[in-house]
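Thanks for asking me to look this one over. Could you open the model beside these notes as you read?

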Amino acid sequence: MSAVSSSRHIYCVMIIGVLVRVLAWSNTHVVNPDGTLYITQAKAIFYGQKEALYCGYDFLSSYVVLIVGAHWFFSDWIFSARMVSFLFGSATLVPLYFLLRRYLDAQVSALVTLLYAMLPVYTGGSVDLIRDPVCWFFATTGLYFFVRGLQDSSHFSMLCSSLSFLMASWSRIEASLFI
């Protein structure tokens with residue numbers, strides 16, 4: 001298989017993954033209860049209200065900080081939070097594909113990535129106001145750099161792996177099992 005054909009497969013998978021998430025976004029009209037707390041924390045950071053920062057949680061997730069960053073580009077809080085989930089949920093396909101390419105050929109890697117892109121849990125999570133997509137992205141990126149560091153004996157890849165796992169852990173504490 002040529003390099004052009006293999007890159008065409010992954011581009012098709014990425015487009016399908018994004019389109020499925022856009023479809024899920026258009027059918028998601030309710031904000032989950034956790035999402036309101038994340039938006040409240042993001043507003044507290046944005047407006048400098050330290051007393052409201054820990055309104056419902058005793059911790060501050062990276063998702064909240066990313067919502068504040070997205071709010072600079074989009075003026076709507078709910079849209080900003082949903083966009084962060086959408087971007088990180090869609091972007092997870094990239095490190096997953098490259099992780100799979102370390103072990104499998106291009107066609108099988110594209111097929112497995114397509115299966116991941118179509119799974120309802122990950123598709124729905126990519127449009128909800130939850131911190132999971134951020135964790136998925138950084139955990140998958142960390143796994144990719146870890147495998148790359150082991151196979152290539154690269155200290156830089158191991159550093160990137162550690163930083164990715166730390167970011168995943170900041171998003172969801174369960175990801176600290178990777179550290």
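1. A word on the basis. This is a predicted model, in which local features need pLDDT of at least 70 and side-chain atom pairs count only at pLDDT 80 or more, while totals for chains, interfaces and linings use all residues. Residues are numbered from 1 along each chain as its sequence is written, and side-chain values use heavy atoms, with hydrogens and water left out.

2. Start with α2 (residues 33-47) and α3 (residues 62-71), whose axes lie 9 Å apart at an angle of about 60 degrees. Helices here are DSSP runs (H or I, at least four residues), numbered from the N terminus; axes are lines fitted to C-alpha atoms over the stretch in contact, with angles from 0 to 180 degrees between N-to-C directions. The pair is therefore oblique, the label for angles that are not under 35 (roughly parallel), over 145 (roughly antiparallel) or 65 to 115 (roughly perpendicular) degrees.

3. Who touches whom in that pair? On the α2 side the contact uses Y38, Q41, A42, I45 and F46, and on the α3 side Y63, V64, V65, I67, V68 and H71, where contact means heavy atoms within 4.5 Å. These residues divide into 9 nonpolar, 2 polar and no charged (Ala, Val, Leu, Ile, Met, Phe, Trp, Tyr, Cys and Pro count as nonpolar, Asp, Glu, Lys and Arg as charged, the others, Gly among them, as polar).

4. Helix α2 also packs on α4 (residues 77-91), at about 110 degrees and with axes 11 Å apart. These two helices are therefore roughly perpendicular. I39, A42, K43, F46 and Y47 of α2 meet W77, I78 and A81 of α4, a set with 7 nonpolar, no polar and 1 charged residues.

5. Next, α5 and α6 (residues 106-118) have axes that come within 9 Å and cross at roughly 145 degrees. From α5 come L93, L96, Y97, L100 and R101; from α6, A106, S109, A110, V112, T113, Y116 and A117. By class, this contact has 9 nonpolar, 2 polar and 1 charged residues.

6. Finally, do look at the largest pocket, with a volume of about 230 Å³. A pocket is an open set of points on a 1 Å grid over the protein atoms alone, where a 1.4 Å probe fits, with protein on both sides within 12 Å along at least five of seven lines; lining residues have an atom within 4 Å of a point. The volume is the space filled by probe spheres set on the points, which are joined across faces, edges and corners. Of 15 lining residues, Y122, C135, W136, A139 and T140 are the closest to the centre. Helix α8 gives the largest share, 6 residues.
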